Amino acid sequence: MTATETTPGPCARTRRDLSAPLTWPGLSPIDYELLRRFASRLATPPDELHTDIFLGCDPFPNRLPAYANETRMHHRLWSRRLDAAICYNNRWWLLEVKREANAHALGQALAYYFWWCRDCPQHQVAEVSVLCESCSDDIAQIYAACGITPLTCPP
């Protein structure tokens, strides 16, 4: 395992092939299907797609795993992971994927945005969104007040 594989933010480990959705790890089946539908509806394909992006603090800051099974454990214990990010012209769009937009998803999106800006300042954020199947008007108002865009992508 290299330092890049344990560095927060987008890297070679998190980069995905947009045309091969079955290779996008780190998503629940529902989240995977929602992101797949969203990606298929983009008018312009992004320059990059990343999923399962480590953010925040490394759970083992002073030690790289020595064995393959330790690497898997290290990845599983890294609890702060952004679901997806897409990049257009070196500007990033952060995506937290939830079936329904709610206050919990808003909190996650804000926290991931903070860690992204702190830990990956070289990757400029253009937009932070919660990708969802539905969002009530009440929740949409909270999102708007926080600068987070709910993106609805119904089935």
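Visitor: Is Asn 90 buried or exposed?

Guide: Buried means under 20% relative accessible area, exposed over 50%, and partly exposed in between, with a 1.4 Å probe and protein chains only. Asn 90 has a relative accessible area of 62% and is therefore exposed. The model is predicted, so local features need pLDDT of at least 70 and side-chain atom pairs count only at pLDDT 80 or more, while totals for chains, interfaces and linings use all residues. Residues are numbered from 1 along each chain as its sequence is written, and side-chain values use heavy atoms, with hydrogens and water left out.

Visitor: Where is Asn 90 found?

Guide: Helices (H or I, at least four residues) and strands (E, at least two) are DSSP runs, numbered from the N terminus. Asn 90 belongs to the loop between β3 and β4. Asn 89 is also placed in the loop between β3 (81-88) and β4. With 64% relative accessibility, Asn 89 counts as exposed.

Visitor: What should I read from the phi of Asn 89 and of Asn 90?

Guide: Most residues other than glycine have a negative phi. Asn 89, although not a glycine, has a positive phi of about 50°. For Asn 90, likewise not a glycine, phi is positive and near 65°.

Visitor: How many helices and strands does the chain have?

Guide: There are 4 helices and 6 strands in the chain. Read from the N terminus, the order of elements is β-α-β-α-β-β-α-β-α-β. Of the 155 residues in the chain, 44% are buried.

Visitor: How is the packing of α3 with α4 described?

Guide: Two packed helices are described by the angle between their axes and the distance between the axes. Axes are lines fitted to C-alpha atoms, for helices over the stretch in contact, and angles run from 0 to 180 degrees between N-to-C directions. For α3 and helix α4 (residues 137-146), the angle is about 15° and the axes are 10 Å apart. Angles under 35 degrees count as roughly parallel, over 145 as roughly antiparallel, 65 to 115 as roughly perpendicular and the rest as oblique. The two helices α3 and α4 are therefore roughly parallel to each other.

Visitor: Which residues of α3 and α4 meet?

Guide: Ala 103, Ala 105, Leu 106 and Leu 110 in α3 meet Ile 139, Ile 142, Tyr 143 and Cys 146 in α4. The residues of this contact comprise 8 nonpolar, no polar and no charged. In this grouping Ala, Val, Leu, Ile, Met, Phe, Trp, Tyr, Cys and Pro count as nonpolar, Asp, Glu, Lys and Arg as charged, and the others, Gly among them, as polar.

Visitor: Where is the place of Lys 98, and what does Lys 98 touch?

Guide: Lys 98 sits in the loop between β4 (91-97) and α3 (103-119). Contact means heavy atoms within 4.5 Å. Not counting residues up to four places away in sequence, Lys 98 touches several residues, including Asp 31, His 104, Gln 108 and Glu 133. A polar contact is a pair of N or O atoms within 3.5 Å; within protein, one must be able to donate a hydrogen and the other to accept it, and residues adjacent in sequence count only if both atoms are side-chain atoms. The side chains of Lys 98 and Glu 96 form such a contact at 3.2 Å.

Visitor: Is Trp 115 buried or exposed?

Guide: Trp 115, in helix α3, has 16% relative accessibility and therefore counts as buried. Not counting residues up to four places away in sequence, Trp 115 touches Leu 55, Gly 56, Arg 80 and Cys 120.

Visitor: What can be said of Cys 153 in the segment after β6?

Guide: Cys 153 follows β6 (149-152) and, at 3% relative accessibility, counts as buried. Cys 153 and Arg 41 are 112 residues apart in sequence and 9.2 Å apart in space, C-alpha to C-alpha.
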